[in-house]
Structures are given as C-alpha cells and as structure tokens.
Amino acid sequence: MHQKPDADAMGSSLALFHYFQLKHHQVAVVSPTSYPDFLKWMPGAKEVIVYESHPEKATQALQNAEIIFCMDFNAFHRARPADEALAQSAGIKVMIDHHLQPEPVFEYGLSDVQASSTAELVYEVIIGWGDKSLINNEIAQCIYAGTMTDTGSFRFAATSARVHRMVADLMDQGLRHEPIHQAIYDNFLENRLRFLGYVLSNRMEIFYEYNAALIAVPASDVRKFNLSSGDTEGLVNYPLSIQGIKLSALMVENHQEIRISLRSKGDFDVNEFARKYFNGGGHLNAAGGRSTDSLEATVARFKKALEENKALLEKPLKNP
C-alpha cells in the first residue's frame, strides 16, 4: 500500500489479503510507513509489515513475492521509503487503483478513475473472479471502511449508484456498518479534539477573493499536541463547510517536509493543481502533495498559485 496509508489503502490491501488466504496462497502485506491508531481494529492489521519499522523483513517479503499487488497508488514514489525495494523486486507488479494518470511501471493493472475507492475495485475484482461467495465479514468490513472514508461517508461526487449497490449487497450478507463508523470517526484521544479547535481558531486563513482557505500547521503544533499518525485526517474538509469556499488546503510540517492535502468543490481540479505546484496528484476534488521548502515559503507559493488560478476559483458553484 502507499505511504501514510488511509482506510482505503489499508482496507483494500487487507480485503485482498483475506481473499488470497481463503484461496490458500501465502500472503504478506507491506505498508511503507506506520498507519493510524484508528485503523488498528481492521481484521488482519496486526499482520501488516511496516517497512520503516522492519525494513529487512519487509524487503524480504517483496523479494520473495511472485506477484505484488500495488494497492491504492499508481507510481512507485508513493511507496516511499519502500519504493526502491519495490522497484528492485522481480515479482510481477499489479496495480489496483483509482487515481488519475498512472505511471507505466506495472506489468498489469486495473485503473478506474470513476471508482469511489480502491476498496470498491477489490470488491468488483473478487466478484469478477467468480468468488463472491468468499466475501466474508472480514473482507466486507475492510471494503466498507475503505469505501466509506474515500467517499467522505458517501457524500462525495464519486458516490455512484454502483457504490450503494455494493454496500447494500454487503449489508444483505450481514455487514454491520455502525461499528465501523464508530471505530474510525469516534476513536481519537482528547488531544486531537483540542488540536482541531486550536488550529481552526489560530491556523486557518480564508481568502474570500479566491473562494479558498488554508490551514498551515507548523511542527511546533504537532509537538505541542503530541499528534500521532492520522490525527490530521479530515481536517482539510472543514473549510469547505464555509459558504462559497471552493478550495481548501492543509499543510502540516513534519520530518523536514511539508505534507499538503487539497480538497475542492465543483470543477476546480486539485489533481492538476497539486501536480503543477506541489509535486503531487490525486483526483479531481481530492489530491495531495509535498514541499521540501519551509512552511513560510510553501504558504507563499500557495498564495501565488491562488492568484494564478483566480479566474477558475471565481467561477460560482452550480446549484443542485
């Protein structure tokens, strides 16, 4: 899965893990970096080999693999720091992903940018292989978690009829959705809630002339609130609840790098925005990037980018 895995990366990988085990294959799951505490409930999460913690074990798994399924990413650099070991492995590399503009580094692949999530694609792959009967509760939980989070609890534009049909099918088979929602969204420590209140009051800047917003979090805030992996998840969506805001950006300074999350409404393409300004990419309305400049320089670059995209950001949102 990709670095800093979210519920879709974890969910799609673990769903495939359980499926292949039922097919009597030897399976290992590798995550380049640690994953958030709110995903530790996932069936099979304890089996995940974290490269940054156990590089030798993870590298050995990649070297021994006959087939490597690359889940929820479409370029090797998204698997840092395991990208080199991945590239050097002789295993056949199969991409299953829904992000735009995949790189031609995979022997085989399924790339569907219309899909809500990679977890949804795993569901369709299993059915396509004629094994719908093997989708047990463990697989269903992983698929639902990945789909629920990547659709913003089924409110984003990618929430198609096929998504609802899939969820209905999983529920018909006995899936209970409310414990999954609670495990992901109601499972944080007090410090995270206080952090959210602090940054929304002190770190959020609104640019009404561009219909845009920015939350820039310095490393000192990360230390002050003792944040863990995943504690900033979803924060970028908050400014989009402000009337008229079309673009929201979150910058978090950590480990000598600025990680950037971008969200938008309507037809403003944050995938292209991220690629052009922040060495990133993603989807039309959800993307990410990074910067090795200082936080101040990265903020300045963002403000300059707003000016360059003013005409697009000024276009009013369409009514329902």
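My notes follow, entry by entry.

**Ground rules.** I am working on a predicted model, where local features need pLDDT of at least 70, side-chain atom pairs count only at pLDDT 80 or more, and totals for chains, interfaces and linings use all residues. I number residues from 1 along each chain as its sequence is written, and side-chain values use heavy atoms, with hydrogens and water left out.

**Domains.** I looked up the domain assignment, which gives domain 1 (7-186) and domain 2 (190-314); such bounds come from an automatic or database assignment. Taken over C-alpha atoms, the two centres are 26 Å apart. Twelve residues from domain 1 and eleven residues from domain 2 make the contact, where contact means heavy atoms within 4.5 Å.

I then took the buried area between domain 1 and domain 2, which comes to about 940 Å², with 45% of it from carbon and sulfur atoms. That is the accessible area (1.4 Å probe) that two parts lose on being put together, summed over both. On the domain 1 side, Arg80, Leu100 and Gln101 lose the most area to domain 2, together 41% of what that side buries.

How many residue pairs are in polar contact between domain 1 and domain 2? I get six, both partners at pLDDT 80 or more. A polar contact here is a pair of N or O atoms within 3.5 Å; within protein, one must be able to donate a hydrogen and the other to accept it, and residues adjacent in sequence count only if both atoms are side-chain atoms.

Residues 2-147 are 37% helix and 13% strand, with end C-alpha atoms 16 Å apart. For residues 224-308 I read 28% helix and 28% strand, and 35 Å between the end C-alpha atoms. Helices (H or I, at least four residues) and strands (E, at least two) are DSSP runs, numbered from the N terminus.

**Arg80, Pro81 and Pro32.** The peptide bond from Arg80 to Pro81 is cis, omega near 5 degrees. Pro81 sits in the loop between strand S3 (67-71) and helix H3 (83-88). Both residues turn up again among the contacts of Pro32, which also include Met1, Tyr51 and Ala79. Pro32 itself is in the loop between strand S1 (30-31) and strand S2 (49-50). I call Pro32 buried because its relative accessibility is 2% (buried is under 20%, exposed over 50%, partly exposed in between, with a 1.4 Å probe and protein chains only).

**Positive phi.** Asp72 is not a glycine, yet its phi is about 70 degrees. Asp72 is in the loop between S3 and H3 and is buried at 2%. Asn226, also not a glycine, has phi of about 50 degrees. Is Asn226 buried or exposed? At 59%, Asn226 is exposed, in the loop between helix H9 (219-224) and S8.

**Ser248.** This residue lies in strand S8 (residues 247-254) and is buried at 0%. The Ser248 side chain reaches the backbone oxygen of Val236 at 2.6 Å. Its other contacts include Ala213, Leu240 and Arg263.

Definitions and conventions:
Lists of a residue's contacts leave out its neighbours within four places in sequence.
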